Structure formats: structure tokens, C-alpha cells
Amino acid sequence: MLYGRSAESGALDEVIARARDGFGGAVVLRGEAGVGKTALLDAAALRGGAMRVLRTTGVEAESDLAFAALHQALRPVTGSLDALPVPQRDAVRAALGLAPGSDGDRYLLGAGVLSLLAEAAAPDGLLCVVDDFQWTDRASADALLFAARRLATEKIAMLFAVRGDAPVKGVPLTVEVRGLPGAAAAEMLESRWGVPPGVVRELVALTGANPLALGEIAARLSPAQLAGREPLPDPLPGGVRLFGDRVAALSAPARRLALVAAVEADLALVLRATDRLSAEGAVRPGENAGDGTGRSAPAELEESGLAEFSGARVHFRHPLVRSAVYEAATAAEIRRAHAVLAELAEGDRRAWHLAGAAMGPDEQVAAELVAAAERARDRGGYGTAATALARAAGLTPEPHTRATRLKDAAVAAWLGGRPGQAQSLLADARDLADAGAGLTMEIAQLRGRFELNSGNAAEAVRILAAGDSLDMLADAVEAASYVGDTVAVVELGRRAAAHPEGFLRDTVAGIGLTLDGDAAGAGLLRRALARVGELREAAEYLWAAAAAAQLGESDLAAEMAERAGRVARVSGMTGQLPVVLEFVATAERMAGRLDISRAVSEEGLELAREAGYENTVAAHLANLAVLAALRGEVETCERRAREALAIAVPHRVGLRAGVAAYALALLDLCLGRCATAHDRFTALAAAGPGVGHPAVVWRMAPDRVEAAVGAGDEAGARAVLEAYERWSAHAATPESRALLARCRGLAESSEDAFGEALRLHTNPFEAARTALLLGERLRRAQRPGEARAHLRMAWETFERAGAGPWARRAQGELRAAGESGQASPPAVLDALTPQELRIAGLVADGLSSKQIAARLFLSPRTVEYHLYKIYPKLGIGSRTELARLVVLQKAPATEADML
């Protein structure tokens, strides 16, 4: 029976009820030891009705074993694994030890756990209960939390109980569990032990009304103390002391069994190790030897009420019992228990018991931990791998090897989404004086990469520029490009040119030479792009995007970024997906697919925050600010831009600071505030490295020309056009030439240039902007009949894209040209949310629900849920009809439509 927990129970019941209705969620119960968190979880599980219940409990003895808790939770539902997308299925099977690991992609694993939970939730819903989360192994914790953050459309409730301030990342709903209310404590003590009010008040005051403490203390008080005739013990036992005397009362064999169980939860191992220790016959002076053997000790331990044996595991009544057992043992006894367990165990358990038995540096033990770390890493358990490698480094006698293992631990921590731990480990590796030149450069490159992702990009340039390898020079160029430091890019590109010819060398050297005005640079970039068919890695496609962008071909750059995104989602590019999605989201925006760009950036923002990639967070915030500007969402644009600038400016990430500032200027342009927009664009063009960026200046040139013309600064418009012509001198794609032609049409007031732009456009959104400008010109030239077709096309395109300010401007012009401007029937796909639109597009590409789930890190049931919502919105009933609608809407406008 629960006493005084109606508020806490109500909060849990609300989460469960919403999950039962298909609106899943997670909640954290947080409180001190003994406060009643487990009792609340047990009661909530009973109130779930027909909902399935999966449980796992963090065990301190298994907190270093990769996926121990996950295995306990998912073991009952592994029969549903074949329902998962193949990449997710394989990742989960590897994590659970049902198949060998390989890629170790934690995103695929997290998505697979979500999918498996979704399968288990059919048909009545699922409760996933995680107790003692503070001791859940890191690999399991990461996978479970990935799922917990993505339950919105699932019939799943996840309930976490955690002691103290241990973080439960990404689960905002927390229920604080404190001591019992006074009346509830009195009711419990009176009903169970007949404690009178005066003693109740004293016990409540001394224990903080902690239910465990109240119960344990009341159970050992004498009748006179319970009645208030004798004083209470002073001090009252608390914490570990609650069970200390009961542990001390055990016989030597039972206490030995308790100690082994405190460091190992597997019952078979515990009994075998206890037998071996008992055979050694060691009894300390004054010890209660008892008359049993190791085999008889379980009965005594269970009868004491301290532990029970269930299935294949030992369960202590409360974690404080384990602590009391530890406190009662000597350090030598604990090490000996670990040593005997190591002799009997295999794999990861053996490695950690060897570490527990070690008294100092031991290379053999360290090597066993490294092997355990590799197994965890191959299965996606990067957090656990980092812990194992760090412990291995502490046991490694040779300094160079110790530094290498610290470096590897840092990489694992970084890939596990723990940048603070990664930087600390890397600093420790760097401090080892005899690390060696090669390792020193490896450490420096990692420092630079970490700094670029989450710290000061200018500092990353300084660190990376010290290296001479092509990879390190490429990283330095990337960092300098983020800063906007053209001088550094040119110098680094020249250094890269000394390396043998190849895709990466040609790209890095070509970018530097092109920025330096060397005509040979364009040739190198073209040669690099000619090798696109040979590329396989997402990072290579991003370099191809950089090459195309440097040539002024933003449409080709967008295509390369989209390819990078597709590869990254299926290639196990662990840890880099949030970064890749920066460029994918930008590509989708530049292609005019605003809804998809928003969905990608929202996904990337969530992943970047989970991973701790601060500069990537800024990138996605900046892109979302631009999208909000195009939609005329003033408050959202300004807020997102402020958030992005708050990260990007102090971190010297000029590219992202420039995009955020561009969003604010674009917002002014969208709202017709041309003079203000012109001033903002001009200031951004003059901003130096770290707060502005040449690529932003180049890409915003068409907007800047439009703002200058609108503000009456014709000379300024011509100056921007001249610069844009220089920047685009090597551009050959139709869309890049179309944008240049539109700028000429504005700056030179050339109707022919507008017509050329419309013939060249491949981007419907940019075509609509050109059509609007031409239509406005024609209407003001008293040619409304010619203007209407352009204005109508622009209006309909902007409406479909959700670009409100542009749509209203086109509609107003269309009415002024003599057309009613009444809304045409909306395009059928306009009713879809950004996520639904992405799923519809993938259906049109021929992907199954499982394949879509794998691509978007969703469960197949979530994909089906979205399709269930899509069909009635569009008035259709099949994938075939959906694919046809998507293809029709994607069809590019013909020249006749534009003209």
C-alpha cells in the first residue's frame, strides 16, 4: 500500500493515459534513496491495465557492462526483431549479443530500440519501467533515452527512477519524490507498528519522513521505544547504517556470499565464486563462522531479508544493502572476490573483475579492458567504451600506450555524445610528455575537430594548421571556412597542393587557389567534381559540395549535400549525422523545399543538442531563422537568429553567424522594408571573419541587389552585380546563370535579362521570385495583361511553399493588374506537415515503410501512423495514389508556365 503519494501517482497516471491514447511520453521520478520511487513504479505498472510492461533495473555491479540493462528490458520481445528495418534490426541484435557488431551506429541502435518498443506496444500499449537509472550502463542509457525523446506518436510510456542529481538527458517531465507528508507517515507507522503521535513526530523529524528509514527503524525499536517510554537510539541509523547491523549478524559464509553478490549479479557465477572462496577457509578472528557451507549461505541470506534469489540473478532488498555489504568488507576481501570471479567469468565480465582485482598498473588487465571497449564500440556502446578505455589507460604502465588509450577513450566519449568528458580525456592524453610526434599530431587533430564542433572555430584553425598531413590540412581548411578566414584558406590550400593528386587534394587546393584569384583553381575543382562517381563517403560528398559552391554553382552544391545526407543515414557515419544535416537542410532551402528543410533542421537540431555539438546547434538555428523569415514569422525568425548568434559569434563561427544575420536582413526584405534590409546586407558584407562570411555574401547577392534597387541605391546594386559576376565567373549550371541574369535584370532594368532568367531557372521558388519581379515591372509599365501570368505563377508557388510575405506581395500585384486574386485551390500536398511531406516524398521514391523508418530514424509503426493521417488529408487510399500526387507536384514548371 502507498501512503501519501496521490500527487506523484497522478502524474504517472497522466503519462500512462496519454500513452494509451497514442500520445507517448516519458517521466522521471527523482528522489533520495529509500524515498519510495520503486514502490511508485510498481504501483504504476499495476495500473497500466492491458498495457504490456517491460522492466529493467540498473545494477551497480553491472554499470560498466555494455547493454546489460537494455538486454534485461528487451529480452522478452526479441521475437519481434524481424519486424524492424534491416539496419535497425542488425544494430539491436548486435547490441543484445545476438549477432556480431560492425558499424556501431548509435543512431541506428536508438531507432531500433524505438521500433522494437513500438512493436511491443501493439495493440494495447507499453509501459517501459527503468529503475535505478543512475546505475544503468551508459550504452543502455543512451539507447533508452534516444527512444524516450521520440515517443510522441507511440503508445508507449517510459518511467525512469533516478537517485540524486544523476542526469536523464532530454526527458523534461520530472516528478520530485520527497519524504512522506506528516499525516501519511503517521498513518503508516500507526497501522504497521502502532506508533503513538509523539514518537511519530520525533521519527519524522529525525528521518525526513523517508519511508525506508521509517520502516527499518520502527521494525528494530523495542516495545518501550515504540511506546515512547524509552528514548530513541542516538544517533538513529540512516543510509548504509540502516542495514549494517543485519549484515554484521550474518555468518561468514553468508556474508561472503553477500559480498560476491555485491560485485556480480549473475547467480551462477556468484555461487561458484562463493564455493571457491569458502574452500579457501579463511575466517577472520572473531568472525561468526557458522556451520554451513557456501551452498547453504543462500538460505541464510534470504531469511535475513537482505536479498532474494530470482531466476538467474541475485536481488538485494535495496541498493543500500549492497552499500552496507561493501562497507563491512575490507579492500583485500573485495579484491579477492573480484579475482575469483575473474577466474570464472568470460568476456566483458572477466575484464571488469580483473580491473576490480588490480592493485596497480597491469598491462594484461588493461588489454582485456581494451578488448571489452572494442566490443562495446562495435555494438554502438560508445559511452561504455569510453569508460573501459579510460580505466584501461589508468592501468597501463607504458606512457605512450597510456596516452593512446586516453585518446581512444576521448574519441569514444565524443561519439557517445559526451563532449566534456572527451575534452578532459584528450587533455590528459596531451599532458603525457612522451606521447611521441605521431600521436601528438593525432591528438592535435582531434582537439581541432572537437573545437570546431563545439568550441572556438578560430582556435580550431590554429590547432589544425600545425599539421602537414592532407587530412589535417583539409580539417584546417574546413575550420577556416567556418570562420570565414579567406587568408588562412588560401595559405592552407597552397600547402595542400604539395600533396599527390587526388579528389581531396584537388578540392582543398582548388578552393584555396580560386579564392586567391588563380585561374588554375577552377580546373582543379572541375577535376575533383569529375570524380564524383567514385565517391562513397558522406564527408567526400560534402567536399564535392564545397567545390561546387566555390565555382558558384549553388544548385550542384545542394545536390552534393543531399547525396551526403542519404549516405550518412545508411552508412554508419557515427556522430557526424547532425553535421551532415546542416548542409542537407541548407540544400533543401536553397532548392525551395522549405517544409522539408525545416523538418531536416528540426531533426538535426535535436540530434546536435543530444550530441553536444554546439556549433551545429547554431547552424540549424540559423537555417530555421531563414525559413521563418521566408514565411514572415517575425518573432520566430528573430528568436532563432538571436539563439544562433549567441553561440556563433563567441565561437567565431562566421558562416553560421552570417546566416543568422542574413535571416534578419531577409526578413526585412520579405516584409518590404527594403531600406532597412539594404543596410543590414551592407553591414553583413563588411563583417570580418568570425561574424560574417564570404560564402554568405556571395549567396545573398541576389537578395542584396533586390534590396538595393528597392531602396533606390542603383549604384550600390550595380556594384553588387559586378562582384557577383566575378564570384560566378566559373559557374556553368542553369540555376546559377539564372540568378545572375535576374540580378542583371534588376540592376540594369533589363526585361530581356528577366526573360533569360525564367528560361534558365530549375528552382521553382527562385523562378517565382523572378516572375514576381518581372510581373511588377510589367504592371508598372502599364502592361497588366502580360504581368498577370507571371504574377499568378509566383503567387501560387509562394502559397505552396508557405512563403506568406511573398505570396501576399504577389497577390496584391495580381489584383492591381486586374485579376481578382482569389485563392486558387491549394495544392494537394499543402495540407501535410513537414514530416508528412518527407514521408510522402520517400513513398514516391519507392521506399517501403521499413526503409523510410531506417532513413528517418523512426519506427515502421510511426511511418504507418503518418501515412494513416496523410491519406484522408489528401482524399486518397493507397501508396500508388500518393506517389502520383507527389510526382505531379514535383514536376517543374514549363517555360510556357513561366512566361
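A word on the ground rules. The model is predicted, so local features need pLDDT of at least 70 and side-chain atom pairs count only at pLDDT 80 or more, while totals for chains, interfaces and linings use all residues. Residues are numbered from 1 along each chain as its sequence is written, and side-chain values use heavy atoms, with hydrogens and water left out.

Let's start with the overall picture. The protein chain has 48 helices and seven strands; these are DSSP runs, H or I of at least four residues for helices and E of at least two for strands, numbered from the N terminus. Its C-alpha trace spans about 110 × 65 × 50 Å along the principal axes.

How much of the chain is buried? Of the 899 residues, 56% count as buried, where buried means under 20% relative accessible area, exposed over 50%, and partly exposed in between, with a 1.4 Å probe and protein chains only.

Now to the charges. There are 100 positive and 113 negative side chains, and the centres of the two sets lie 2 Å apart. Lys and Arg count as positive, Asp and Glu as negative, and His and the chain ends are not counted; each charge is placed at NZ of Lys, CZ of Arg, CG of Asp or CD of Glu.

The structure holds 57 salt bridges, each a side-chain nitrogen of Lys or Arg within 4 Å of a carboxyl oxygen of Asp or Glu. Here are some of them.

Glu610 and Arg149 meet at 2.7 Å, N to O. This pair links distant parts of the chain, 461 residues apart: Glu610 sits in helix H31 (residues 594–611), and Arg149 in the loop between helix H6 (138–148) and strand E4 (156–163). Glu610 is buried, at 10% relative accessibility.

Next, Glu836 bridges to Lys869, with the closest N and O atoms 3.8 Å apart. Glu836 lies in helix H44 (residues 834–844) and Lys869 in helix H46 (residues 860–874), so the pair ties together parts 33 residues apart in sequence. Glu836 is buried at 0%, whereas Lys869 is partly exposed at 30%.

Finally, take a look at the network of salt bridges that links Glu216, Arg220, Asp245, Arg246 and Arg317. Thanks, everyone!
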